[in-house]
Amino acid sequence: MGSYQASFRVWRGDDESGALQDYTVEVNEGEVILDIIHRLQATQAPDLAVRWNCKAGKCGSCSAEINGRPRLMCMTRMSTFTEDEVITVTPMRTFPVIRDLVTDVSFNYEKAREIPSFAPPEGVAPGEYRMQQVDVERSQEFRKCIECFLCQNTCHVVRDHEENKKSFAGPRFLMRVAELDMHPLDAKDRQKAAQEEHGLGFCNITKCCTEVCPEGIHITDNALIPMKERVVDRKYDPVVWLGNKLFKR
Ligand code: SF4
Ligand code: F3S
Ligand code: FES
């Protein structure tokens, strides 16, 4: 494949109005969508707003929807499209647009703040924490999250229902609650909070969040479903929760 001219449709606008605009842009071998957006900025649309930082799939800034599919622009290769395909790039739909491809993701930071941080048991000082390797490893997968918020953008609970945003933390933050709940030294009641404050019950396990995660984290299977199971166990037997905590310590 040499260079060719690709047809792009890019959403331009702000929080009040906007529309798709057509562009023809040069594409070279090995390029990704973000390269093309940068070329557009450099040659035809200097005021095009786009958020990015690392261009290596690690900062989580360049999330957008490409042909309707939530993806990182820097990790989406042009070679996955045919040369005659029209490529549509739009901002994440679940969050308010600031301008062009840049959305206001502060919903996610608000949800993050609603989750109390790790709370060790009273009387155990830093340096005295002891836990088994198996418990350390269980949460490693969740730590790979780059906070791109593609899962938050995709989950239908908030994607089509603005009214649910108040009561639903979204997959990324329910995963955080699950991670803390699995922590043998965390002394807070995460299961009650997951149901009553973070909206775990809204999740009906559609797994769309897992499908779009660029880090390949098994959000649904390894965090949300086990969390739901623990909440159900707890519902039928409150001693189970206490027993689990004490037993794991
Ligand atoms: Fe992005 Fe995956 Fe983290 Fe969700 S869990 S914010 S999709 S990296
Ligand atoms: Fe939403 Fe993921 Fe549950 S997409 S419904 S949080 S499995
Ligand atoms: Fe950092 Fe794409 S620019 S993830």
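User: What classes do the residues of the shell around ligand 1 divide into?
Analyst: Nine are nonpolar, none polar and two charged. Here Ala, Val, Leu, Ile, Met, Phe, Trp, Tyr, Cys and Pro count as nonpolar, Asp, Glu, Lys and Arg as charged, and the others, Gly among them, as polar. This is a predicted model, in which local features need pLDDT of at least 70 and side-chain atom pairs count only at pLDDT 80 or more, while totals for chains, interfaces and linings use all residues. Residues are numbered from 1 along each chain as its sequence is written, chains are lettered from A and ligands numbered from 1 in the order in which they are written, and side-chain values use heavy atoms, with hydrogens and water left out.

User: Which residues surround ligand 1?
Analyst: Cys145, Ile146, Glu147, Cys148, Phe149, Cys151, Arg172, Met175, Cys213, Pro214 and Ile219. A residue is counted if one of its heavy atoms lies within 4 Å of the ligand.

User: Is Cys213 buried or exposed?
Analyst: Cys213 is buried, at 16% relative accessibility. Buried means under 20% relative accessible area, exposed over 50%, and partly exposed in between, with a 1.4 Å probe and protein chains only. Cys74 is buried too, at 6%.

User: On to ligand 2. What surrounds it?
Analyst: The shell around ligand 2 holds Cys155, His156, Pro171, Cys203, Asn204, Ile205, Thr206, Lys207, Cys208, Cys209, Thr220 and Leu224. By class, that is seven nonpolar, four polar and one charged.

User: Which helices each supply at least two residues of that shell?
Analyst: Helix 8 (208–212) and helix 9 (219–236). Helices (H or I, at least four residues) and strands (E, at least two) are DSSP runs, numbered from the N terminus.

User: What does Lys207 pair with?
Analyst: Lys207 forms a salt bridge with Asp221, at 2.8 Å from N to O. The pair links distant parts of the chain, 14 residues apart: Lys207 is in the loop between helix 7 (190–196) and helix 8, Asp221 in helix 9. A salt bridge is a side-chain nitrogen of Lys or Arg within 4 Å of a carboxyl oxygen of Asp or Glu. Lys207 is partly exposed at 33%, and Asp221 is partly exposed at 37%.

User: How many salt bridges are there in the whole structure?
Analyst: The search finds 19. One of them joins Lys58 and Glu215 at 2.6 Å, N to O. Lys58 lies in the loop between helix 1 (33–43) and strand 3 (63–66) and Glu215 in the loop between helix 8 and helix 9, so the pair ties together parts 157 residues apart in sequence.

User: And how accessible are those two?
Analyst: Lys58 is exposed, at 53%. Glu215 is buried, at 16%.

User: What about Arg176?
Analyst: Arg176 forms a salt bridge with Glu179, with the closest N and O atoms 3.6 Å apart. The two are three residues apart in helix 6 (residues 171–182), about one helical turn. Arg176 is partly exposed at 24%, whereas Glu179 is buried at 7%.

User: Which buried residue has no salt bridge?
Analyst: Glu141 is one of that kind: the nearest side chain of opposite charge, Lys144, is 5.6 Å away. For this, Lys and Arg count as positive and Asp and Glu as negative, while His and the chain ends are not counted.

User: Where does Glu141 lie, and what does its side chain reach?
Analyst: Glu141 is in the loop between helix 3 (133–138) and helix 4 (150–154). Its side chain reaches the backbone nitrogen of His218 at 2.7 Å.

How values were computed
A polar contact is a pair of N or O atoms within 3.5 Å; within protein, one must be able to donate a hydrogen and the other to accept it, and residues adjacent in sequence count only if both atoms are side-chain atoms.
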